[in-house]
Structure formats: C-alpha cells, structure tokens
Amino acid sequence: MVRAFLFDMDGVLFDSMPGHAFAWAKVMTEYGLPMKEVDAFENEGRTGIGTISIFTQRYWGRDATEEEAKELYRRKTIVFNEYMAARGGEAPEMAGAGEVLNKVRARGLMRVLVTGSAQQSLLTRLEKHYPGHFTPELMVTGDDVRYGKPNPEPYLMALKKAGISADEAIVVENAPLGVRAAVAAGIRTIAVNTGPLDPQLLLDEGASLLFPSMQALADNLDSILQL
Ligand code: CA
C-alpha cells in the first residue's frame with residue numbers, strides 16, 4: 001500500500017533546469033572546466049561538489065577541494081539568480097505539478113521532498129507555489145546528505161523521515177541519476193522526461209513508468225493509484 005510520494009524538485013516541481021544548465025555551463029567553462037548545457041542535464045541530481053568533481057577529475061585529474069567547490073557553486077548560484085532575474089525573478093512552476101500534488105494530498109498520502117539543491121530559500125519558495133504540501137520534517141536537501149544522488153542515501157533518508165518502507169513509497173524523478181538513486185533505494189519510480197535527454201535513459205535506469213510531462217502524470221495518476 002502506498003503511503004507517500006517522494007518528489008524531486010528541479011525539473012519536477014519547478015521548470016528550473018534550463019537556468020541551472022545555463023549557469024553550470026557558463027561558470028564551469030569560466031573556471032577552465034568545459035561543460036555543455038546538456039552535461040548539466042546528464043549530471044542532474046548530483047550535489048554541487050559531486051558535479052564539479054566529475055569535471056575536475058576529467059580535466060585536472062583530481063576531485064575538487066571543498067574550497068574550490070564552494071567558490072564555484074557560489075558563483076553558479078549568482079549566475080543562476082541573474083538568469084532568473086532576467087526572466088521574471090524565479091523558476092516557473094512545472095505545468096501539471098500542482099495537480100499531481102493536489103491529487104496525492106486528496107488521497108491522504110504524504111508528500112516528501114528529496115532534492116540535491118541546498119538553497120536556503122527552498123521552503124519559502126515551495127510554500128509560495130505549493131502551499132501546505134511540504135514541511136521541513138519531510139524534506140531531504142543537499143545540506144542533509146553526505147553522498148547525494150545517484151547514491152540511494154537521500155531516498156533512504158526520506159523513507160526514514162517519513163517512517164515508511166520502500167514498498168510504501170513512489171518516487172517522481174526527471175533525471176537519470178535521480179531514477180538510479182531511487183531504484184537503488186528499492187522504490188518504484190515514475191520518470192517524467194521534462195528535459196532534452198533521450199527518454200530511454202530513464203527507462204535504462206529502472207523507471208517503472210515514463211511520462212513526457214508532469215501534466216501527463218497528473219492525467220494518469222488516478223489509474224496508477226488504482227493499480
Ligand atoms: Ca531533477
């Protein structure tokens with residue numbers, strides 16, 4: 001029996017990935033680490049230092065130091081915020097996400113947030129766009145985890161916080177590495193392909209169901225929950 005839905009944030013609840021991809025590519029390239037926007041989608045879900053280290057390993061032959069990662073991530077956040085400021089201030093809601101959340105709540109199921117993001121304004125933003133759906137007790141953020149996705153750690157932590165077992169949860173993810181983390185935690189995972197990647201990548205990571213958008217998931221949620 002399903003008791004909770006575990007939601008990833010960027011690319012699921014907010015249409016924020018184009019901004020993140022732009023900022024990652026710009027700042028990493030500035031630091032001599034050539035990164036394309038599509039690379040950001042492929043690495044989506046990792047913590048900041050995790051993403052940075054993929055590229056320092058590739059180009060410098062070593063992990064990023066904590067100081068380097070902090071500085072680069074700080075700069076990336078500035079560029080991301082500038083990108084958003086030029087487009088009305090913040091990332092728009094993902095179309096259909098509110099409807100998914102409302103349907104989940106109407107069935108009395110918990111909503112748990114599981115994100116690699118470590119922005120401090122996270123809860124305020126969630127409350128503004130999706131009021132009453134999330135609480136600090138049922139959130140796992142980039143600040144809570146040691147490894148982050150694609151390690152199952154954040155999803156295992158989410159199960160623990162919700163006090164449920166893996167077979168009582170359903171994950172909603174848009175990124176291949178996010179699907180990998182959820183599947184490794186033993187949780188059935190619905191993939192929504194809201195970005196530019198080949199949808200087969202999400203199925204290859206073990207997603208049980210695949211939808212092209214959050215709206216398509218909203219339209220099919222009742223029949224999924226009846227199964
Ligand atoms: Ca995501």
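Is Glu44 buried or exposed? This is a predicted model, so every value here is computed from it. Glu44 has a relative accessible area of 8%, and the cut-off for buried is under 20%, so Glu44 counts as buried. Asp8 is also buried, at 5% relative accessibility.

Both residues belong to the calcium site. The protein donors of the calcium ion are Asp8 through OD, Asp10 through O, Glu44 through OE and Asn174 through OD1, and they lie 2.1 to 2.3 Å from the ion. Along the chain the donor spacing reads D-x1-D-x33-E-x129-N.

Next, helix α1, residues 17-30. With 14 residues at 1.5 Å a residue, α1 should span 20 Å, and its end C-alpha atoms are 20 Å apart, so the two agree. Its buried residues include His20, Trp24 and Met28. Among the elements covering the buried residues of α1 are α2 (37-42), α3 (48-60) and α4 (66-85). After α1 comes Gly32, with a positive phi near 80°.

Last, the packing. The largest nonpolar core has 52 residues, and Phe5, Phe7, Leu13, Leu126, Met214 and Leu217 have the most contacts inside it. Helix α10 (residues 214-226) gives the largest share of this core, seven residues. A second, separate core has 19 residues, including Ala4, Leu138, Ala169 and Ala182.

Technical notes
Residues are numbered from 1 along each chain as its sequence is written. This is a predicted model: local features need pLDDT of at least 70, side-chain atom pairs count only at pLDDT 80 or more; totals for chains, interfaces and linings use all residues. Side-chain values use heavy atoms; hydrogens and water are left out. Helices (H or I, at least four residues) and strands (E, at least two) are DSSP runs, numbered from the N terminus. The expected span of a helix is 1.5 Å times one less than its number of residues. Buried means under 20% relative accessible area, exposed over 50%, partly exposed in between (1.4 Å probe, protein chains only). Contact means heavy atoms within 4.5 Å. Donors are N, O and S atoms within 2.8 Å of the metal (3.2 Å for Na, K and Ca); water is not among the atoms, so sites may look incomplete. A nonpolar core is a set of buried Ala, Val, Leu, Ile, Met, Phe, Trp, Tyr and Cys residues joined through side-chain atoms within 4.5 Å.
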